[in-house]
Amino acid sequence: MSENIYMRRAFELAQKAKEADEVPIGCVIVNNISGEIVAEAHNLSQHALEATAHAEILAIQAACRAMRSNRLRGCDLYVTLEPCTMCAAAISFARIENLYFGATDPKGGAVISGVKFFQSPTCHHRPIVHSGIMEEECSQILKDFFKSKRVIKD
């Protein structure tokens with residue numbers, strides 16, 4: 001399945017984020033006609049000292065520059081974790097056609113968890129949502145990352 005190829009690349013970017021001591025989330029934006037990767041990114045919030053430097057936001061910004069447009073019609077977005085409210089709004093505003101994500105985020109997600117942004121009557125564009133692609137791997141890298149951050153007390 002082609003979605004596994006692109007999610008595998010997003011997962012590689014999540015691993016790169018983990019190596020940089022960033023929350024391990026990766027994102028890839030693909031032209032759904034040519035299959036070409038238009039942009040990719042991983043979280044950079046810690047290093048950029050920027051609360052909005054989520055993988056999805058950075059990838060959307062790069063894709064808009066690459067396509068010279070503020071709309072990404074004909075593009076699909078692959079991300080390793082269910083997007084938060086901020087990222088879901090950006091996905092909507094960018095007019096992403098399909099959203100593919102790996103792990104759900106019951107605490108911070110806003111697609112099938114939490115506020116369910118795309119179901120809001122004020123949401124102007126709703127991508128087609130596909131969840132659970134490489135879910136186990138995408139979930140495990142996050143669990144391992146946060147486990148390594150906890151201090152073990154005797």
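One term before we set off: a polar contact is a pair of N or O atoms within 3.5 Å; within protein, one must be able to donate a hydrogen and the other to accept it, and residues adjacent in sequence count only if both atoms are side-chain atoms. What you see is a predicted model, where local features need pLDDT of at least 70, side-chain atom pairs count only at pLDDT 80 or more, and totals for chains, interfaces and linings use all residues. Residues are numbered from 1 along each chain as its sequence is written, and side-chain values use heavy atoms, with hydrogens and water left out.

**Stop one: E22.** Select E22, in the loop between α1 (2–19) and β1 (26–31); helices (H or I, at least four residues) and strands (E, at least two) are DSSP runs, numbered from the N terminus. Now show S45 and Q46. A polar atom of the E22 side chain lies 3.2 Å from the backbone nitrogen of S45 and 3.0 Å from the backbone nitrogen of Q46.

**Stop two: β4.** Jump to residues 98–103, strand β4: six of its six residues are buried, meaning under 20% relative accessible area (1.4 Å probe, protein chains only).

Which strands pair with β4? Strands pair if DSSP finds at least two bridges between them. Select β3 (residues 75–81), which pairs with β4 in the parallel sense over five bridges; there, L81 stands opposite A103 of β4.

Definitions and conventions:
Buried < 20%, exposed > 50% of the residue type's maximum accessible area, 1.4 Å probe, protein only.
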